[in-house]
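User: I have a new model open and want a quick tour. Can you walk me through the fold, the core and a few residues?

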Amino acid sequence: PSATNTDNGTTTTTTTATTAKAQHEGIELPTEPPIEQTENVVMIQLRGDSGKMSPRRRFDTTTTSIKDLFAYALATQVVQDDSSSKDSDSRARMVDEFRLVTRFPRRVFRLIDHGEVRLNEIDNLSKQELFLVERV
């Protein structure tokens with residue numbers, strides 16, 4: 001998200017990137033592409049298994065992989081964690097318990113099978129995508 005301040009005849013633009021550490025300790029996400037970048041950018045939103053929606057976030061399709069979307073699901077807490085442990089072993093078990101799915105055309109992504117796939121390698125990826133979290 002960005003905000004523009006035009007007080008006193010000057011214009012300053014402030015961009016605030018969503019950082020995973022602020023939302024879920026220890027998860028790193030790629031930085032959002034600059035707002036001026038329009039090529040190779042997709043707006044992603046996730047719908048959790050409980051219906052909770054993530055904030056919309058821009059990703060660079062040439063550098064972002066499916067594993068980054070799994071990290072985003074954990075960082076935004078759209079995946080319900082039934083355990084009280086928040087360590088890296090607990091998170092590793094959690095990503096094995098869900099997959100990310102698009103509705104139309106239906107595409108299913110599992111971390112173990114598709115983790116290294118870059119977003120620009122996905123057929124028919126539009127400029128905006130909604131991924132649903134499905135429990136395995």
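Analyst: Here is a short tour, starting with the ground rules. This is a predicted model, with local features needing pLDDT of at least 70, side-chain atom pairs counting only at pLDDT 80 or more, and totals for chains, interfaces and linings using all residues. Residues are numbered from 1 along each chain as its sequence is written, and side-chain values use heavy atoms, with hydrogens and water left out.

User: What does the secondary structure of the protein chain come to?

Analyst: Four helices and seven strands. The order along the sequence is β-β-α-β-β-α-α-β-β-α-β. Helices (H or I, at least four residues) and strands (E, at least two) are DSSP runs, numbered from the N terminus.

User: How many residues of the protein chain are there, and what percentage count as buried?

Analyst: The chain has 136 residues, and 37% count as buried. Buried means under 20% relative accessible area, exposed over 50%, partly exposed in between (1.4 Å probe, protein chains only). The accessible surface is about 8,200 Å², with 47% of that on carbon and sulfur atoms. Those areas come from the Shrake-Rupley method with a 1.4 Å probe; for residues, only the protein chains shown count as cover.

User: Which residues touch the most other members of the largest nonpolar core?

Analyst: Leu-46, Leu-69, Val-79, Phe-98 and Leu-100, out of 25 residues in that core. Two or more residues each come from β3 (41–47), α2, α3 (88–95), β5 (98–102) and β7 (128–135). The largest share is from α2, with eight residues. A nonpolar core here is a set of buried Ala, Val, Leu, Ile, Met, Phe, Trp, Tyr and Cys residues joined through side-chain atoms within 4.5 Å.

User: And what is Leu-69 in contact with?

Analyst: Ile-44, Leu-46, Phe-59, Leu-100, Leu-119 and Phe-131, leaving aside neighbours within four places in sequence. Contact means heavy atoms within 4.5 Å.

User: New topic. How much space lies in the second largest pocket?

Analyst: About 150 Å³. Of its 10 lining residues, Ile-27, Lys-67, Phe-70, Ala-71 and Leu-74 are the closest to its centre. Helix α2 gives the most to the lining, five residues. A pocket is an open set of points on a 1 Å grid over the protein atoms alone, where a 1.4 Å probe fits, with protein on both sides within 12 Å along at least five of seven lines; lining residues have an atom within 4 Å of a point. Grid points are joined across faces, edges and corners, and the volume is the space filled by probe spheres set on them.

User: Where is Val-95?

Analyst: In helix α3. Val-95 counts as buried, at 12% relative accessibility. Beyond four places in sequence, Val-95 touches Phe-70, Leu-74 and Leu-111.

User: What about Gln-45, which backbone oxygen lies 2.9 Å from a polar atom of its side chain?

Analyst: The one on Ser-54. Gln-45 is in strand β3 and is buried, at 16% relative accessible area.

Technical notes: Polar contact = N/O pair within 3.5 Å; in protein donor to acceptor, adjacent residues only side chain to side chain.
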